[in-house]
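Have a look at it first, then we'll take the questions one by one.

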Amino acid sequence: VLGFCFICGGVKYKAQTFNQTAAQTSASLLSLSCLSLLIPAAFNATAKDVDQTASIKHLSYGTSIVLLVVYILYLIFQLKTHTHLYASSSDEEEEPILPLWLSIVMLLVITVIVAICAEYLVDSISGLSETWKISPTFIGLILLPIVGNAAEHVTAVSVAMKNKMDLAIGVAIGSSMQIALFVTPLMVIIGWIINQPMTLFFNTFETCVMFVSVLIVNYLIQDGESNWLEGVMLLSTYVIIAIAIYFYPTAAVATSSH
């Protein structure tokens, strides 16, 4: 998504600038979430003389609590103490289309509808995998994110074409950061509560994919400026990862999960 934002905005504008501090803060938080996955993987690879199942489980619980606290503090940072970093640089004020109460009602209704659709979508993955001869890993990591976040993707690209790169980066990186810092740790904690163990341990391949993705994003936004070539680099990274995941054996995923 960020790559498309850079390309679509870069075609219209030679160079686009954005708030370097805010963007780097978001990228650093992504790096922190990546660290939370690297450590369990490294722990599993090196600690051979301990009960890894129980240890990684407790490590994941502690790490998830820390990530949730960091996410809450980030919200305070963004909405309370450092709002000036996230204020729109545009002079034009856009009038709200809907009243606040109607927006909230529509948000709640649409959330319920999306949750129901997501349930059916997840249930259909096995059938889709068998029919199309595609691994569930490819469907879960490549196809579902594109379809599930289509509206968010369109929003990010459209604001990038209006030269509102702060908003575009906020949507693109903020979505990933919300999953990494809030949703994933929350799922681990909920699993702990309902006695359905879930950990932050992913296999080496998945961890490396996330690491290189976060790494290149950090490199490209640290100068506070973007162009279409940087977008090509991001999309190239995505395509390479998609090809790798397409040919990655399903058996390897199943083995690592056990």
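Q: How are α1 and α8 oriented relative to each other?
A: In this predicted model, helix α1 (residues 2–12) packs on helix α8 (residues 165–193) with the axes 9 Å apart and an angle of about 160°. Angles over 145 degrees count as roughly antiparallel. So the α1 and α8 pair comes out as roughly antiparallel.

Q: What is the handedness of the crossing of α1 and α8, right-handed or left-handed?
A: For α1 and α8, the crossing is right-handed.
The α1 side of the contact is Leu 2, Cys 5 and Phe 6, while α8 brings residues including Met 165, Ala 168 and Ile 169. Sorted by class, that contact has eight nonpolar residues, with no polar and no charged ones. Back to the handedness asked for: right-handed.

Q: How are α2 and α3 oriented relative to each other?
A: Helix α2 (residues 20–46) and helix α3 (residues 52–81) have axes that come within 10 Å and cross at roughly 175°. With over 145 degrees as the cut-off, α2 and α3 are therefore roughly antiparallel.

Q: How many polar residues does the contact of α2 with α3 have?
A: Among the contact residues are Thr 25, Ser 26 and Asn 44 of α2, along with Gln 52, Ser 55 and Thr 63 of α3. By class, the contact of α2 with α3 has 11 nonpolar and no charged residues, and the number of polar ones is seven.

Q: What percentage of residues 228–248 is helix?
A: The unreviewed UniProt entry annotates 228–248 as a transmembrane region. Its end C-alpha atoms are 30 Å apart. Strand is 0% there, and helix is 95%.

Technical notes:
Residues are numbered from 1 along each chain as its sequence is written. This is a predicted model: local features need pLDDT of at least 70, side-chain atom pairs count only at pLDDT 80 or more; totals for chains, interfaces and linings use all residues. Side-chain values use heavy atoms; hydrogens and water are left out. UniProt positions are given in the numbering used here, feature names are shortened, and annotations may be inferred rather than shown by experiment. Helices (H or I, at least four residues) and strands (E, at least two) are DSSP runs, numbered from the N terminus. Axes are lines fitted to C-alpha atoms, for helices over the stretch in contact, and angles run from 0 to 180 degrees between N-to-C directions. Angles under 35 degrees count as roughly parallel, over 145 as roughly antiparallel, 65 to 115 as roughly perpendicular and the rest as oblique. A crossing is left-handed if the near helix is turned anticlockwise from the far one by less than a right angle, and right-handed if clockwise. Contact means heavy atoms within 4.5 Å. Ala, Val, Leu, Ile, Met, Phe, Trp, Tyr, Cys and Pro count as nonpolar, Asp, Glu, Lys and Arg as charged, and the others, Gly among them, as polar.
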